[in-house]
Amino acid sequence: MDYEVAVVGGGVIGLAVARAAARAGLRTVVLERESCGAGASGAAAGMLAPLAEAHRGPFLDWCVAALRLMSAEAPVIEGESGVDLELRGGMVHLVPEEELAERLERAATAGLPLRRLTQADLRELAPGVSSGDLAALWSPDEAVLRPSRLVIGLRQAAERAGAEVREGEAVLGLVEGQNAVRGVRTSRGEVAADHVVVAAGAWTDAVAPGAGIRPVHGVLVELEPELAPFRPAVFGPDGYAVPRADGRLWWGATQREIGFATNVPAEDLAVLIARAVARVPALGDARFLRAWSGLRPAAPDRQPLVGPDLTRSGLWWAAGHFRNGILLSLLTGEMVAAGLLGRTPPADPRPFLPARLTAVGR
Ligand SMILES: Cc1cc2nc3c(=O)[nH]c(=O)nc-3n(C[C@H](O)[C@H](O)[C@H](O)COP(=O)(O)OP(=O)(O)OC[C@H]3O[C@@H](n4cnc5c(N)ncnc54)[C@H](O)[C@@H]3O)c2cc1C
């Protein structure tokens, strides 16, 4: 069978592209060499937090559009798939006093509410969290979800819309001819497609060289406190706490460039646990349950790469989402589908077009 769209990679980005393309009526296949969510998407914390890092300009615009889209679409995906995404709204930010004005200004630019909390407010919202000399802020519109659920939900929603998802099938290279991509070579043969969307996360360069995407290793730990923890996620300069619906708490994350290794270094574990206990002293008595790592896909400028290749027709990029791929997943899916269909995209595509990276764009 020939496809209109072949998506390489079954992470949240590839699956969101597949769902959007299939819902638009395009014959779509996802080719995933392991199982869906085997890469960064299955390892992420699931923060949907445009204000958490020093985002500004077009990247902040994309993150805010992505948050709004996820908040609106999560119930739709839950309905399509029957999967509870564990979306929980509200986030506490802890920031040094000298960064307070800038953070409030950023929120105002983004159109996201953000207000300062008193110590009493913080005790009520996030009991047990010690803010030290940091200012506490409340961001009601930011949220978290459980990324492994988003993977399953997107996969089922994509399949329900008509997409085919093939696991255990590795893409070995592109099938090219006359400046056009016509499909992919896989571990099981050739798959013909009018359009190929490369969404292979940290492994993108092995599928289609040129973007310079590199893996950035990150570790998270899961703890089980004696008493169910506070409800909102807490983001600070020393890391973030994500309380889960099952009463457990995730603390993350480290960030290192150590190639494609996915081990959990003992030092990372020690650092994360020490920071978690310093911020939430009661966690000293919590049970350590597990730790895991994932590889964030990072382009040289740490910005996403979303849109058509300029020199090879039929080739599309949806990669390099680095620390925000869960947040940006649905927006990326809609951006690529709009491009494929020649429709007006939901956000300005220009800042993140592959053309900015000379190796893939010209
Ligand atoms: C510790 C950690 C915490 C994070 N926390 C957050 C967070 O709180 N919020 C947020 O928004 N983002 C977060 N991220 C970032 C987010 O996880 C990534 O940006 C996102 O998952 C990238 O999705 P992806 O689909 O591009 O890549 P991946 O999920 O890595 O998917 C790529 C897929 O391609 C497959 N593949 C690779 N090569 C081939 C091939 N040749 N053929 C077929 N398939 C192939 C892989 O098996 C993989 O399943 C975090 C990441 C980490 C590691």
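# A walk through the loops, helices and spaces

Ala 253 lies in the loop that runs between strand 14, residues 249-252, and helix 7, residues 266-279. In this predicted model, the peptide bond that leads from Gly 252 into Ala 253 is cis, and its omega angle is near -15 degrees. Although Glu 86 is a residue other than glycine, its phi angle has a positive value, near 55 degrees.

Two packed helices are described by the angle between their axes and the distance between the axes. For helix 2 and helix 8, the axes come within 7 Å and cross at roughly 90 degrees. Because an angle of 65 to 115 degrees counts as roughly perpendicular, helix 2 and helix 8 are described as roughly perpendicular to each other. On the side of helix 2, the residues that make this contact include Phe 59, Trp 62, Leu 69, Met 70, Glu 73 and Ile 77, while those of helix 8 include Ile 326, Leu 330, Leu 331, Glu 334 and Met 335. Sorted by class, the residues of the contact of helix 2 with helix 8 are 15 nonpolar, one polar and two charged.

Helix 2, which spans residues 57-81, also packs against helix 5, residues 147-160, and here the axes come within 9 Å and cross at roughly 65 degrees. Helix 2 and helix 5 are therefore likewise roughly perpendicular to each other, and helix 2 passes helix 5 in a left-handed crossing. The residues that meet are Met 70, Ile 77, Gly 79, Glu 80 and Ser 81 in helix 2, and Leu 150, Gly 153, Leu 154, Gln 156, Ala 157 and Arg 160 in helix 5. This contact of helix 2 with helix 5 holds five nonpolar, four polar and two charged residues.

Attention can now pass from the contacts to the spaces left between atoms. Rolling a probe the size of a water molecule over the atoms shows where empty space is left. The structure holds one cavity of 30 Å³ or more, and the largest cavity has a volume of about 30 Å³. Its lining is formed by Ala 16, Arg 19, Ala 20, Leu 69, Glu 73, Leu 330, Gly 333 and Glu 334. Helix 1, residues 12-23, helix 2 and helix 8, residues 325-341, are the elements that each give two or more residues to this lining. By class, the lining of the largest cavity has four nonpolar, one polar and three charged residues.

A further space is the second largest pocket, with a volume of about 260 Å³. This pocket is lined by 19 residues, and those that lie nearest its centre are Phe 235, Gly 236, Pro 237, Asp 238 and Gly 239. Strand 4 (88-96), helix 3 (97-110), strand 12 (233-236) and strand 13 (239-243) are the elements that give two or more residues to the lining of the second largest pocket. The residues of that lining divide into nine nonpolar, three polar and seven charged.

Note on methods
Residues numbered from 1 in each chain as written. Predicted model: local features only at pLDDT ≥ 70, side-chain atom pairs only at ≥ 80, totals over all residues. Heavy atoms only, no water. 1 Å grid on protein atoms, 1.4 Å probe; cavity = no way out; pocket = protein on both sides within 12 Å on 5 of 7 lines; lining within 4 Å. Points joined across faces, edges and corners; volume = space filled by probe spheres on them. Helix = DSSP H or I, 4+ residues; strand = E, 2+ residues; numbered from the N terminus. Nonpolar A, V, L, I, M, F, W, Y, C, P; charged D, E, K, R; others polar. Axes fitted to C-alpha atoms, helices over the stretch in contact; angles between N-to-C directions. Parallel < 35°, antiparallel > 145°, perpendicular 65-115°, else oblique. Left-handed = near helix turned anticlockwise from the far one by under 90°. Contact = heavy atoms within 4.5 Å.
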